[in-house]
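Colleague: I am new to this structure and would like to go through it with you. Could you show it to me first?

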Amino acid sequence: MSSDPEKMMSKADKMTKLTLTRWSADWRGATELYEQAANGFRASSKYERAKVALEKASQGQVMQSSPWDAAKHMESAAALAQKLSIWDEVADFYRKASELYVECGRAQPASDALGKAARALEEVKPEDAIQLYTDACEILEEDGRDQMAFDLYRACASVYIKLEKFTDAATFFLRLGVAADKCDATNSQCKAYLSAIIVYLYGHDLKQAEKCYNDCSQIDAFLKSDQNRTASRLLTAYNEGDIEEIKKVACSSTVSNLDHAIIKLARKLPTGDVTAVQMNAGDDLDEDDLT
Amino acid sequence: MTVIDILTRVDSICKKYDKYDVDKQREANVSGDDAFARLYGAFETQIETALEKAELVTKEKNRASAVAMNAEIRRTKARLSEEVPKLQRLAVKRVKGLTTEELAARNDLVLALPARIEAIPDGTAGGPKATSAWAPSTASRPDIKFDSDGRFDDDYFQESHESSQFRQEYEMRKIKQEQGLDMISEGLDALKNMASDMNEELDRQVPLMDEIDSKVDRATSDLKNTNVRLKDTVNQLRSSRNFCIDIVLLCIVLGIAAYLYK
């Protein structure tokens with residue numbers, strides 16, 4: 001066997017091309033050659049060529065109807081693309097790998113692949129990252145493995161926070177709450193709700209925060225939890241315009257158990273003018289109003 | 001029925017009907033028609049019983065019954081004190097067969113009676129006085145002493161040096177205790193959070209472990225199958241003659257090759 005990867009590549013290419021002398025492509029042989037070529041390239045740090053070799057190897061596996069190996073090759077290709085910072089290809093390759101995994105019927109690796117893609121693209125292309133995270137979560141939820149989705153939801157929400165899209169971030173936390181509810185993970189659920197409320201408050205949206213709090217209070221698990229008390233303290237402090245109290249709540253241990261991004265937000269509370277946020281008492285119903 | 005039983009029965013019956021025995025009564029009561037003497041005798045008996053009761057009270061351990069007995073004694077004393085004037089009037093009356101000295105003696109006895117009645121201990125000696133308010137209570141029980149001696153001016157309720165120091169120390173210790181408790185509560189919060197996260201993580205891993213379990217079971221059964229088949233194949237090979245023939249032929253070919261290359 002020639003040890004030169006280039007030669008192997010060309011040989012494999014020839015094996016797959018259909019000519020007059022060759023009526024059916026020899027995918028098995030070609031795939032083997034491609035794999036070896038890829039190893040050779042990687043050893044000599046020719047990542048571009050290695051990536052191409054892996055792509056072709058993956059295709060060969062697909063032709064051989066082994067989606068698992070194909071997916072594995074795709075992932076390696078994507079990792080190389082990441083190293084080379086070719087972001088579109090990263091996303092594409094990971095998506096393809098994920099699809100192949102789904103073909104195998106393995107949801108976890110599929111979502112893992114998308115998760116890796118999203119993590120790679122977080123800095124560069126956050127919107128794509130969010131899309132990838134969402135797809136990953138959907139795959140897991142379809143398969144009924146909600147618990148694995150927690151981390152993905154959290155990561156997605158932190159991306160939204162970085163983008164300063166607080167409503168979307170809060171929405172994701174609520175989705176986390178739903179997933180946690182399905183698995184009876186009450187601690188994560190309550191933490192998710194508290195994070196959502198803090199995010200709303202950070203976005204100067206007291207009304208939304210209160211609505212969110214009211215909705216969450218319907219849920220027994222949240223009602224009985226520490227996070228509920230912290231949330232109510234925070235909201236009353238906001239309503240009274242008590243900055244000291246807000247700071248105290250933000251430094252409490254309940255808040256310190258949340259995600260790092262949320263802790264940072266909480267420490268920065270109160271944002272904006274708290275005194276202007278006080279409720280007007282005149283809107284309340286008159287005591288003598290018996291209707 | 002034995003003789004002794006008869007005797008005791010007769011005794012109790014006689015005792016019961018003693019009061020109808022005129023002779024005996026006359027004997028007991030020396031001065032039968034003397035009203036004073038009769039009344040005086042009754043007084044004496046009552047005082048005696050009261051004194052006995054007072055003795056019993058001191059021995060009594062149950063406070064409720066002690067209080068009840070004291071109350072009875074006090075009632076008796078009150079009744080006796082009321083009847084003392086009657087006795088006094090009788091004492092002055094002239095009775096036949098009585099000398100002047102005896103009359104004087106009777107008077108003295110009557111005068112001494114109130115003192116004797118008062119002297120019966122009934123558990124309230126000097127009691128009511130102790131419950132009075134901050135009035136100067138020099139007449140109260142001798143063993144309770146008030147340092148203030150009745151002086152309650154402004155200085156009295158002012159904090160002394162010791163009491164303010166004590167208060168300060170108390171406050172400081174309380175603050176330290178609160179700090180300590182705060183630290184403990186923070187630590188416990190962290191522990192609780194970690195523990196619930198661990199709980200959720202373990203819950204997450206349970207289905208994974210089940211999957212691993214089933215997959216490994218499948219793998220072991222496959223391996224077992226493969227091993228058995230391999231064993232059969234190898235046995236087949238070994239037991240057949242082809243194996244030996246293969247080796248012999250191989251040696252011959254090697255020999256020919258060596259011969260050719262030499």
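Colleague: Which residues of chain B does UniProt list as "transmembrane region"?
Modeller: The unreviewed UniProt entry gives residues 243-261 of chain B under that name. UniProt positions follow the numbering used here, feature names are shortened, and annotations may be inferred rather than shown by experiment.

Colleague: What is the helix content of residues 243-261 of chain B?
Modeller: The span is 100% helix and 0% strand, and its end C-alpha atoms lie 27 Å apart. Helices (H or I, at least four residues) and strands (E, at least two) are DSSP runs, numbered from the N terminus.

Colleague: What should I know about the model itself?
Modeller: It is a predicted model, in which local features need pLDDT of at least 70, side-chain atom pairs count only at pLDDT 80 or more, and totals for chains, interfaces and linings use all residues. Residues are numbered from 1 along each chain as its sequence is written, chains are lettered from A and ligands numbered from 1 in the order in which they are written, and side-chain values use heavy atoms, with hydrogens and water left out.

Colleague: On to the interface: how many residues does each chain bring to the contact?
Modeller: Chain A brings 14 residues and chain B 11 residues, contact meaning heavy atoms within 4.5 Å. Between them the two chains bury about 1100 Å², 32% of it on carbon and sulfur atoms; buried area is the accessible area (1.4 Å probe) that two parts lose on being put together, summed over both.

Colleague: How many salt bridges cross the interface of chain A and chain B?
Modeller: The rule finds 4 there, a salt bridge being a side-chain nitrogen of Lys or Arg within 4 Å of a carboxyl oxygen of Asp or Glu. One of them joins Lys191(A) to Asp197(B), with the closest N and O atoms 3.3 Å apart.

Colleague: Which helix of chain A gives the most to the side that touches chain B?
Modeller: That is α10(A), with 4 residues.

Colleague: How many salt bridges are there over all chains?
Modeller: The structure holds 24. Among them is the one between Lys116(A) and Glu75(A), at 2.7 Å from N to O. Lys116(A) lies in helix α6 (residues 107-121) of chain A and Glu75(A) in helix α4 (residues 67-84) of chain A, so the pair ties together parts that are 41 residues apart in sequence.
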